[in-house]
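User: I would like to learn how to read packing in a helical model. Please take me through it one feature at a time.

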Amino acid sequence: MSNPASLNSHTFTDRMFRRLFLPTLLSAIGWALGDIADALFVGIRLGKVGLATMSLVAPVYMIYNVLDVGIAVGASVKYTQALGKGNAKKGVEIFSQMLIVALITSVAVGAVGLAAMPYILRFLGAGTPHGELWNYTREYLQIMFLGAPFTFLYFLLYYCVRCDDNEKLASAGYTIGFLTDVAASAVFIMGFKLDVRGAIYATVLGKIVGVCIFMFHFTRKWAILRFRPCKPNFRLISSALKTGMSSSFGYIGQFAALIAVNNILMRIGGSGALAILNVVQDVSYVALAIYTALGDTVQPLSATFYAEHNEPAIKRVMTLGLRIGVISGCIISALFAIFAPSVCQLFGLSGEAISSGAFAVFLFCLSVIPAGINMIWSSCFQATKREKIVFLINQLRTFVCFLLFALVLSQLGIKWFWFTFLGAEVLTLLIWVPIALSKKQKVSDRVFTYMLDVNNADIAKMLSEAEAFCEANEASMKQSYFISMCIEEVCQAIIENAFKKDEDEYIQFTLCFENDGSIILHFRDNAVNFNPFAMKMGQNYDDPEQLASLGIQIVKTKSREFFYRRYSGFNTLTVEVE
């Protein structure tokens, strides 16, 4: 239930989207540049053998991403959902548990990787033992495994700091980390002649720099994110991992698919075909960066609105994300298609490999928009607890459909193979969309939303509608009275103390009757920083400020839980009724 203004006004949603999207876009661009820098300089320095090495180590990154991104995303989504429900204590516990999990996992991954190095190299298909390709791949992986803890910390801190209303610092750490990777790659590879070792040295250094920047967040007094020593809570850890792994587990399929594809290309096209694959992958990092940014924007906002049962806001977030994604995807893919030969030359391809690479890049560009749509929807489903659909999308596009097309099309020749990317993304869309539509989540009808225009405030109307809603949902008289009192006192306090009486001043109120029997009130306003529960309290009624806060004192005393934070540029207050 909601008033029309709440559905037609995008005052909060649009501004929150813009505030989060711009920093995440910079982060995604930095990530793309960092990823292509290694291949770019290695390709210039070593040619085909260098690019082939980068293709061989790519599957190992898939395994990394299953774990580090899965842990990071699961922690950030659960953290955001906890804060969206006003439970800061649970949010801190989630972060603390997952930080320990990340550190233990990273050390284990590094140790196993170093111990099993010869077996990993044979499995990757690194050629003759102690040959040129074998040695380059071994040198890269050794340093990669030693730097594992920094990689895991890097992603966990980025995702969680971003969700703790510090997207600017998160973006700075993420972007500077990857730009450090770019600069260091140039110095180590081209300057010091370290070849592939220079590429991974630069990558690890970038992660260390990023982690150092993220740590500044914990010096902020207003930061909620904290590490607290705690006993293992396997139920909490399992829940976070289930959410995070629903998308990152797709990297397992991608790992298997890349192993198979590397072997197929070596058979039908040799190291030259592997080099072209690496160029296509590097183009994908840039072409899909916009969708990475949109996914990272959609995810925390959808998780926040999901906790508030704000279905219209989630739909608006998705509308903005898809609209930006389709328009920008058309522009980006068109540019890469036009300049495909120049791109191939830039990465060190020469002779006939340029025309073959340009053809492969052109075909990949056709897959950009369907890939982006899959990525954005996956982020939304992950934030709204539809992990099975997320798992399905990621397994289809990175493993099942991709490998299916690769096996079939490779039989027709190397040129046909490059249609694999387009076929996988389109078939994935055709499969998951009808399944998702047939299994729609039931939208709760026990949610009341009201958008209060402060300059034409009609609190009496809002109270009347809220009371009717409480009655319809069989709230007790005590609960109805407290809810009405809370609405009136909080709104009056915000209007009188925080707003400047300018245009476009709003308070968004949401009342949720949760399935577990709890009743939660959400307030969001676009005023200056103001926490009603931080008003001067006391019993001295000669003090105007203490007298004005009398109603708030009663609300504060009678609330089961209350939580305030400044999130995405707005004041957010959550109150749970006894």
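User: Which residues does leucine 403 touch, not counting residues up to four places away in sequence?

Analyst: Bear in mind that this is a predicted model. With those sequence neighbours set aside, leucine 403 touches Ala257 and Ala260. Leucine 403 itself sits in helix 18, residues 387–410.

User: Is leucine 403 buried or exposed?

Analyst: The cut-off for buried is under 20% relative accessible area. Leucine 403 has 16%, so it is buried.

User: How does threonine 420 read by that test, and what is it in contact with beyond its neighbours within four places in sequence?

Analyst: Threonine 420 has 0% relative accessibility and therefore counts as buried. It is found in helix 20. Beyond those neighbours, threonine 420 is in contact with Phe402, Phe405, Ala406 and Leu409.

User: What describes the packing of two helices?

Analyst: Two packed helices are described by the angle between their axes and the distance between the axes. Take helix 2 and helix 3: they pack at an angle of about 150°, and their axes are 6 Å apart. Angles over 145 degrees count as roughly antiparallel, so helix 2 is roughly antiparallel to helix 3. On the helix 2 side the contact is made by Asp38, Ala39, Val42, Gly43 and Leu46, and on the helix 3 side by Lys48, Val49, Gly50, Leu51 and Met54.

User: At what angle do helix 3 and helix 7 cross?

Analyst: The axes cross at roughly 25° and come within 8 Å. That makes helix 3 roughly parallel to helix 7. The crossing is right-handed. Residues of helix 3 that meet helix 7 include Tyr64, Leu67, Asp68 and Ile71, and among their counterparts in helix 7 are Phe152, Phe155, Leu156 and Tyr159.

User: Which residues are buried in helix 6 and helix 16, and what covers them?

Analyst: An α-helix has 3.6 residues a turn, so residues three or four places apart point the same way. In helix 6, the buried residues include Leu133, Trp134, Thr137, Tyr140, Leu141 and Met144. Their cover includes helix 2, helix 3, helix 4, helix 5, helix 7 and helix 9. In helix 16, Ile354, Gly357, Ala358, Val361 and Phe364 are among the buried residues. The buried residues of helix 16 pack against helix 12, helix 14, helix 15, helix 17, helix 19 and helix 20.

User: What is leucine 349 in contact with, leaving aside its neighbours within four places in sequence?

Analyst: Leucine 349 is in contact with Leu51, Ala275, Ile276, Val279, Cys344, Ile354 and Gly357.

Terms used: Residues are numbered from 1 along each chain as its sequence is written. This is a predicted model: local features need pLDDT of at least 70, side-chain atom pairs count only at pLDDT 80 or more; totals for chains, interfaces and linings use all residues. Side-chain values use heavy atoms; hydrogens and water are left out. Buried means under 20% relative accessible area, exposed over 50%, partly exposed in between (1.4 Å probe, protein chains only). Helices (H or I, at least four residues) and strands (E, at least two) are DSSP runs, numbered from the N terminus. Contact means heavy atoms within 4.5 Å. Axes are lines fitted to C-alpha atoms, for helices over the stretch in contact, and angles run from 0 to 180 degrees between N-to-C directions. Angles under 35 degrees count as roughly parallel, over 145 as roughly antiparallel, 65 to 115 as roughly perpendicular and the rest as oblique. A crossing is left-handed if the near helix is turned anticlockwise from the far one by less than a right angle, and right-handed if clockwise.
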